[in-house]
Amino acid sequence: MPHRVRRGRAAVVALTAVLGTCLLQPAPPAAADARADTRAAGAPTGVKVLSRGWTRPWGITFLPGGKRALVTERFTAGVWLQSSDGTKKKVGTVPNTVAPSPSGGKGGLLGVAPSPTWNGTTDRDVFFVHTAASEIRVVRMHFDGSKLSDYKVVLGGITRGGDHNGGKLAFGPDGYLYVSVGDALKRNLAQDKHSLNGKVLRITKSGAAAPGNPFGTRVYSLGHRNPQGLAWDSRGRLWETEIGENTWDELNLVEAGRNYGWPSCEGSCAKAGMTNPKKVWHPDQGGVPAQIAVKNDVVYVTTLLGQRLWALPIDGTGKAVGAGKSYYNGSYGRLRALAKVPGTDRLWVGTTDGGDGKDRILEVTVK
């Protein structure tokens, strides 16, 4: 099932057609296979299975050095060390992770982000987002290169829902930790500046508001429904993917203090004070975006319902993307986890929901 709230398939298709005509928002281009037009900016030139035996991997984040990555599994709360040679090793679990069954709601162990100066000795900090029994937490654990230990909550009390938990976290070029948080199925929280839900947060390693935040709180931007991916381009600009409700999914260029519209706007709108997305997708036409990576100023996006990888070149202004192309349409099922391999022209992509022990991590080579 797609990770969104739906009112019924037939109604959604009809509503999509009507709103598409009324709002005049751009529909995505037709899907393209990776073998077609390899001249396109950022086009994949090869793909292979790096490792098998996964169960719903959610996050992939590389350790400093770029040879190994930490991978989270959503419902097992397991954390694995994946090496570039294809070997993997379980290094622990994140305690207190509570997730419904895969068929009964969402949540679980989500994003992972090692400290930018992690070395396993003087700096062992690794951060996670997970759902606990009654809240979403950002937590810190120690990782010495072999095992996890010393669980500590750095930011708790975030409202959790059965879905719309967000869950991505990443250190920005400024050294602060950015966290995407969904509206927890309580849509009005996205516009409440006193709530951490429906926001992108910017915090210190201790969980405090980072210096220079626009409202003097942990909130960096607001008006998000279910933000899933965060990544920066070569100019240090933050891009974000977001799952919409029934009609439009979004790619946003996130700036401090901006309001991205939810729930007043889904996709683009003309309401004063709202910032429009740089691209929208119909959920049934290659959409429901999961995570994001930027390589050579091409934005790569994995999709769940769309079951494909998008490549969207950033234009010369740095503030918009081209139409882009999609690849591997349906070839590997639903795609979620995504990370660029540091210092290479490769991406790691995780399949999801293939069945227990049946998901894979793919290595994709790009131009």
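Reader: How many cavities of 30 Å³ or more does the count come to in this structure?

Author: Rolling a probe the size of a water molecule over the atoms shows where empty space is left. In this model, which is predicted, the count comes to three cavities of 30 Å³ or more. The largest cavity holds about 70 Å³ of space, and 13 residues line the largest cavity, with Arg-74, Asp-163, Gly-166, Asn-226 and Gln-228 the closest to its centre.

Reader: Which classes of residue does the lining of the largest cavity have?

Author: Sorted by class, the lining of the largest cavity is made up of seven polar, four charged and two nonpolar residues.

Reader: In what order do the strands of the sheet that holds β1 stand?

Author: Strands of a sheet pair through backbone hydrogen bonds, either parallel or antiparallel. Here four strands form an open sheet in the order β1-β24-β23-β22, and the pairing is antiparallel. Because β1 (44–54) and β22 (335–340) stand at the edges with a single partner strand each, one side of each is left without a neighbour in the sheet. From one strand to the next, the twist averages 20°.

Reader: Where does Pro-263 lie, and what kind of peptide bond joins Trp-262 and Pro-263?

Author: Most residues other than glycine have a negative phi, and most peptide bonds are trans. Pro-263 lies in the loop between β16 and β17, and the bond that joins Trp-262 and Pro-263 is cis, with omega about 5°.

Reader: What is the phi of Asn-296, and what is the phi of Asp-353?

Author: Asn-296 has a phi near 50°, a positive value in a residue other than glycine, and lies in the loop between β18 (289–295) and β19 (298–303). Asp-353, in the loop between β23 and β24 (359–366), also has a positive phi, near 65°.

Reader: Why does Asn-296 count as exposed?

Author: Exposed means over 50% relative accessible area, and Asn-296 counts as exposed because its relative accessibility is 53%. Asp-353, with a relative accessible area of 32%, is partly exposed.

Terms used:
Residues are numbered from 1 along each chain as its sequence is written. This is a predicted model: local features need pLDDT of at least 70, side-chain atom pairs count only at pLDDT 80 or more; totals for chains, interfaces and linings use all residues. Side-chain values use heavy atoms; hydrogens and water are left out. Two strands pair if DSSP finds at least two bridges between them. Helices (H or I, at least four residues) and strands (E, at least two) are DSSP runs, numbered from the N terminus. Axes are lines fitted to C-alpha atoms, for helices over the stretch in contact, and angles run from 0 to 180 degrees between N-to-C directions. On a 1 Å grid over the protein atoms alone, a cavity is a set of points where a 1.4 Å probe fits but cannot get out, and a pocket is an open set with protein on both sides within 12 Å along at least five of seven lines; lining residues have an atom within 4 Å of a point. Grid points are joined across faces, edges and corners, and a volume is the space filled by probe spheres set on the points. Ala, Val, Leu, Ile, Met, Phe, Trp, Tyr, Cys and Pro count as nonpolar, Asp, Glu, Lys and Arg as charged, and the others, Gly among them, as polar. Buried means under 20% relative accessible area, exposed over 50%, partly exposed in between (1.4 Å probe, protein chains only).
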